[in-house]
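Please open the model in your viewer and follow the selections below in order. The tour begins at a ligand and then widens to the domains.

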Amino acid sequence: MTNLQLWQAVLGELELNLTKANFTTWFKNTAISFVDGEKITVGVPNTFTKAWLENKYHQSILKTLQKIVGGHIKEVIYRVEAVKPQTQKMDVPSITAQAAPEKPTISAEVPSNRFGLNPKYTFPSFIVGKNNELAHAAAQAVAKNPGKSTYNPLFIYGGVGLGKTHLLQGIGHAILGADPNKKILYTTSEKFTNDYIQAIRSRTTERFKQTYRSPDLLLIDDVQFMAAKDGTQQEFFHTFNDLHQADKQIVMTSDRPPKAIPALEQRLVSRFEWGMIADISQPDYETRNAILKAKCVEKGLSLDQKIIDHIAIIIQNNIRELEGALNKIIAYEQFQHTPPTLELVKRILASHVVAGRKSATPKQLINTVAEFYDLKLDDLLGQSREKRLAFPRQIVMYLMRKELESSYPAIGQELGGRDHTTAMHAFDKITHEVETSDRLKQEIEQIKQRLYN
Ligand code: ADP
Ligand code: MG
């Protein structure tokens, strides 16, 4: 058991209760740097993070550590130090020097990190199920024939933790595997935006253009974050055109289809729809089972089929969470030096059972929906009947009824004093639409995920 694995188990737990922004801001570049009996030292990148963790997250960190390692951990301190990137093993003394030797981990190491690709995210390590077979097939077609197939651009969309980045990078690995001289650029829309802003500031837009318009393959992750950034969208529009005209392959991912990205220019929407759009949905039970088995092999963990079944039943909506569960089990196993029993695993994963049935307040729900559709609260709760407002408003009413089990009059009240019949109508309408539209069903799933995570 390395400190890295322990910290990852802790982060996996903390992540469940924080927004993505908070989690990344405060826990990026942190690591356990030292374990000494009952005291654990966490390395942080700067004093600001140190103060923040001490004041805001200390209790959660301590509790989570105790939950994983045991009650004998009494103290956690934070120290500013240059923390190596998380993907590298820390060569600090391991907490279990006397424990069983570390198990070999099987991973498909591909020497292509120079393009920012994670060596683990390859096609061979990607499990194909009904939920992702279309996206997987399209990704393979692109990898075989980049730029020339009708799949240009390829647009993959789906909820958090369902394998979009994995598949996207898998394309990169496969293309490099076939021809190591190919120029590949993997980036996120956030990085694209930041680079662009930076280039304008430092008057290096020519270099920026060269960088982004020269690769044979542009992989761009999470394009939904390009929403409402007009300058960036314009620049991306030109980048896209340049590459596409030169038969260079473009692959994008997003948490929703192009049309549903708020404030995305129409000309980009239509370009994103030019090639192939494929979605990834939530894995069914069989796929979850297969993924768990594969991850166990990868992590050198041998678990009873009964235990795997149990995990696959409890954790349903997200593959990252499945992995988090395995990491927790590994942490327990290594600290307690006993193979995990079903009873133990049930206990370890108890928080996930609760997590599946979490509660939320109407205010949280309203905020989540507003954020999801990129609307101002006042507009969402206001009187305008514009479709872009009226529809999300109906979604709020629907979810308040369905998820929070609020009464119709209470729903009307919460939404700026509307009549209860309005709420009833909205509930019936959306209930009906969810049954007939897969896309709406997925949107609602994603709103729920954001709400409860
Ligand atoms: P997303 O980008 O959709 O949020 P990721 O690609 O980051 O999700 O996937 C989250 C984790 O789940 C990664 O560790 C990834 O390897 C794993 N994963 C997702 N889908 C699969 C799959 N079909 N087979 C194996 N691992 C998967
Ligand atoms: Mg991703």
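Select ligand 1 together with its shell of 18 residues, where a residue counts if one of its heavy atoms lies within 4 Å of the ligand; the closest include Ile127, Gly161, Thr165, His166 and Glu323. This is a predicted model, in which local features need pLDDT of at least 70, side-chain atom pairs count only at pLDDT 80 or more, and totals for chains, interfaces and linings use all residues. Residues are numbered from 1 along each chain as its sequence is written, chains are lettered from A and ligands numbered from 1 in the order in which they are written, and side-chain values use heavy atoms, with hydrogens and water left out.

Next, display the polar contacts, meaning pairs of N or O atoms within 3.5 Å. A polar side-chain atom of glutamate 323 is 2.3 Å from an oxygen atom of ligand 1, and one of threonine 165 is 2.8 Å from an oxygen atom of the ligand. At isoleucine 127 a polar backbone atom lies 2.7 Å from a nitrogen atom of ligand 1. Taken alone, ligand 1 exposes 560 Å², of which the protein buries 94% (Shrake-Rupley method, 1.4 Å probe).

Now colour helix H5 (164-178), helix H10 (285-299) and helix H12 (319-336), each of which supplies at least two residues of the shell; helices are DSSP runs (H or I) of at least four residues, numbered from the N terminus.

Finally, colour by domain, using bounds from an automatic or database assignment: domain 1 (3-96), domain 2 (123-280), domain 3 (285-352) and domain 4 (357-452). Ligand 1 lies between domain 2 and domain 3, because both give residues to its shell. The C-alpha centres of domain 1 and domain 4 are 37 Å apart.

How values were computed. Polar contact = N/O pair within 3.5 Å; in protein donor to acceptor, adjacent residues only side chain to side chain.
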